[in-house]
Amino acid sequence: MERSVKDAGGGQSPAAKMEKRAEYSLGALSSLTLVLIAAMVIYVLSKGWPSFAHNGLSWFGSSGNVDQQLSEIFNSPANPKYYVYKIGTWPLLYATLLTTGLAVLIGIVVATLAAVFIVEFAPESVKRIVSPVIRMLAAVPSVIYGLIGILVLVPFVGNEIVSGGRKQSVAGVVQLSGASLIVAVVILTIMICPIMIAIVADALRAVPRGWTEGATALGANRWRVMWTVSVRAARPAIIAAAVIAAARAIGEGIMLAMVSGSVGFAPNPLDGLTFWFEPLRPYAATIVDNAEGLSVKPFGQTMYAIASVLLITALALSLGGAAAKRPLRKYGVRL
Amino acid sequence: MSTTARNPGPQIVHKRGRDSVSNWRLIDRLALYACWAVGIGLCTVAAALIGYMCFRGIQYMDLSLLVTNPAVGASQADSGGFLSPIIGTFLLTLIGTVIALPFAVGAAIWIVEYGRPSWLARAVESAIEVVAGTPSIVLAIFGLLLFSGSIFEPLSFAADNGAVVGKSFLTAGAMMSLIAVPLIFTSTREALMQIPAQVREASYALGKTKWATIRRVLIPSVRPGIFTGTALGMGRIAGDTAIVVVLLGATLTLEPQGDIPLIKTLRGSGSTLTSYVYNNSPAGEGNAPQKAYAAAFVLLILILILNFGIDKLARRSKKESV
């Protein structure tokens, strides 16, 4: 240490040298995150590339039974020349969009109402209960949600709600065991709501007092004040919350692998009520279910292709969420 | 002035009455009830969740489960307990935190105290946000890809055919640290930004350098913030399943590799409470719901302690120091 300071010389005192070194090493440490993100995108994308290259855009399309295609890929011949890559992941993509979309839509309504409740209407004593409760819901690990789903909700839906007639009506196409879209969406909504509530409530609290007082002075009641002034001012936060929750929801693998039925099936809205009881399997759950097969080369590449879709979507959503939050900085809200 | 005194204004207001809910329009009242319903509904869901987990947990819990290792067994009676998953959870949480802590705190200090060049600082902040939004299953299989590289052999172990497996406590812990980094980073950054500029100026005025100020003044005063972030991060690590299933191998018991004590465990595979719950649920291979409930109960208590107990402790110590 003594020596390096002497070597550098240059008229700078050792203390100043030390200062510079501290700044640069901390900066280098922080920049590692950028290297990490770049490495992650490059590694995962390049590993998954053969699967995209062999299928082109039909990778996202629908071409037959996706589970059958996956097992054909898994059982590819050992010779790299005859690797099977053909897959159309539409049912999985559709399942991802369906679960995420529905959960976020329900989540927006629930989270906005809950945030208004916490910020404005809840009496102090109720507030002291609700806030930790919501933090607790956010802290419960996904495997516990999954466990409750698979051991309580799935049997309940399968035995009590879905009638034998309904099971018969689609018996040739798909089995209704109770592991279904509705259970997946309900649990996913509960899982993403706390994040959304936290973001929206922070923004509602940060709305300038003068604005709400102005509305009150004009004769608006408390709900009108919240709805027409505060919620409206917090719209960027609601969008940011939806985007960030969507990023969380598309990446939720464990819970969905447990409760969604793990069938590469695309629920059909034309089936009426039965639609809600049909099983499905989103992208993230597909990777979790097939983690054992990653060492089979073409199969692993297919999984990494799915992972790269998830990674790039999550990346876009995170950056989009950050961009959506930016207008809130003018109220001094940093989320 | 005398006219103002006789102004009947207040009386008019009085006649209209206070803003009471019964005077609201129907739609406003419905909206208010909806707010209450959502608030109470969330509490009910949470109470049901915790109540049910506690009920099942206590029903199937047996202290002997805590001290016996899992075993291969045909029935739930002889499939052993979950000692090694508990050790696995603690070990993995420890490794993840040890890696994440200096990294996240260092990044937060750099962003708030130096932050030059500013484009790099902004990029780093966004990058940490991206890490926070990356699905853990993607982190898991990225880790598998990365640590299967032959230069990372010391971190895990090689299979019989010479290929590096990439599955061990060290590799899983390294990826787990990424889950904790955003939480520790955010709470440290917020705490640093709340320190008034005068504190730093006072330290400079006493002749301390910037680095000395950071080490002697700023870090001690943001310690509660770092503490809270770390507790949250530990809770997140202990609760993650995807990385354990993919990167730890999720073997029944700890499977040490090599001969050096301690290191052999770190290089070997194992399981945690989360993977134990997953594997013993109907979705996994074990299918022992009673064991799964009991382990989930232990896990839930651990997570709640990390989230609430430690937070309270930090707040108390903060109060004492103030």
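Two residues are taken to be in contact if their C-beta atoms, placed from the backbone, lie within 7 Å. By that criterion, in this predicted model, five residues of domain 1 of chain B are in contact with six residues of domain 2 of chain B. The touching side of domain 1 divides into three nonpolar residues, one polar and one charged. The domain assignment places domain 1 of chain B at residues 19-60 and domain 2 at residues 79-321, and the C-alpha centres of these two domains lie 34 Å apart.

Between the chains, 69 residues of chain B are in contact with 74 residues of chain A.

| Class of residue, side of chain B touching chain A | Number |
|---|---|
| Nonpolar | 52 residues |
| Polar | 13 residues |

Helix α10 of chain A covers residues 222-233, and because each residue accounts for 1.5 Å, its twelve residues should span 16 Å, which agrees with the 15 Å between its end C-alpha atoms. Within α10(A), the residues Trp223(A), Val225(A), Met226(A), Ser230(A) and Val231(A) are buried. Seen down the axis of α10(A), these buried residues fall within an arc of 145°, so they line one face of the helix. They pack against α4 (90-121), α8 (181-206) and α9 (209-217) of chain A, together with α3 of chain B.

Notes. Residues numbered from 1 in each chain as written. Chains lettered and ligands numbered in written order. Predicted model: local features only at pLDDT ≥ 70, side-chain atom pairs only at ≥ 80, totals over all residues. Nonpolar A, V, L, I, M, F, W, Y, C, P; charged D, E, K, R; others polar. Helix = DSSP H or I, 4+ residues; strand = E, 2+ residues; numbered from the N terminus. Expected span 1.5 Å × (residues − 1). Buried ≥ 20, exposed ≤ 12 C-beta atoms within 10 Å, placed from the backbone. Arc of directions from axis to C-beta. Domains from an automatic or database assignment.
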